[in-house]
Amino acid sequence: MIAISSSTKKALIAVDIKGLRGYRELDSNCKHAENILKELDALLEELGLSIADNDCYGVVIGPGSFTGIRIALALVKGFVMAGKEKIVSMTTFDIMAERYIKSEKVKNNFVCVINALSGLYYICEYDSSGCKQGEERLITLEELDKMQCDKVSLKEENICEKQVEIMAIDLLNIALNKAQKKEYTNENNLSALYLRNSQAEENLNKKTLKNS
């Protein structure tokens, strides 16, 4: 398993191949597009492995940075061009929920929250064992404030009182669990979870409406 996430400011890389494990976490000062492949190559070399030794990829499809999501998806799609490798997809929320449950004594349902900008928020609800409840969606601040369950945000965004700092081991745990359950997808069905248009697309839509 090689698992990659670049949907948030901190990119995550995790490897579990032939009983060997390794992790890399790239902070927000790193340019993910330039450094993820370089760091993955360095990690594999450190473990005495190569890309050819791997037969399954895990990738976070969003939500989060539009550019970051595309970086991870493009890398994984490039790796599986031969069509022999398996793929599992995860959301940023899945990784957040994994970290929250690992770091807290969770007794109640909770909602993971990510800033979608412009006064909007991406959310996804989970039960106390980390099972997703319903679909990922986009809501307003007013709707978020009305929610009565525990709210968990990324530490880097500092939206809610409860915060998590996701880690590469969380990414790997989710990816391996999905692979164990054979929750595979394929290159053709692998797509980003955006939930909303990019700012550039929204600006274009506004301009089009204004000129119509």
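Reader: How much space lies in the largest pocket?

Author: About 490 Å³, where a volume is the space filled by probe spheres set on grid points joined across faces, edges and corners. Of the 22 residues lining this pocket, the closest to its centre are D94, G130, I174, N177 and K178. By the way, this is a predicted model, so local features need pLDDT of at least 70 and side-chain atom pairs count only at pLDDT 80 or more, while totals for chains, interfaces and linings use all residues. Residues are numbered from 1 along each chain as its sequence is written, and side-chain values use heavy atoms, with hydrogens and water left out.

Reader: What makes something a pocket and not a cavity?

Author: On a 1 Å grid over the protein atoms alone, a cavity is a set of points where a 1.4 Å probe fits but cannot get out, whereas a pocket is an open set with protein on both sides within 12 Å along at least five of seven lines. Lining residues have an atom within 4 Å of a point.

Reader: Which element gives the most to that lining?

Author: α3 does, with 5 residues. At least two residues each come from β5 (86-90), α3 (92-103), β8 (132-140) and α5 (168-180). Those names come from DSSP runs numbered from the N terminus: helices are H or I with at least four residues, strands are E with at least two.

Reader: Why is G83 called exposed?

Author: Exposed means over 50% relative accessible area, buried means under 20%, and partly exposed is in between, with a 1.4 Å probe and protein chains only. G83 has 59%, so G83 counts as exposed. You'll find G83 in the loop between α2 (66-79) and β5.

Reader: What makes strand β4 largely enclosed?

Author: In β4 (residues 56-60), 5 of the 5 residues are buried, so the rest of the structure largely encloses this strand. In a regular strand, side chains alternate between the two faces of the sheet. Here both faces are covered: C56, G58 and V60 are buried on one side, Y57 and V59 on the other.

Reader: How do you know that β4 and β5 pair?

Author: Two strands pair if DSSP finds at least two bridges between them. β4 and β5 have 5, in the parallel sense, so they pass that cut-off.
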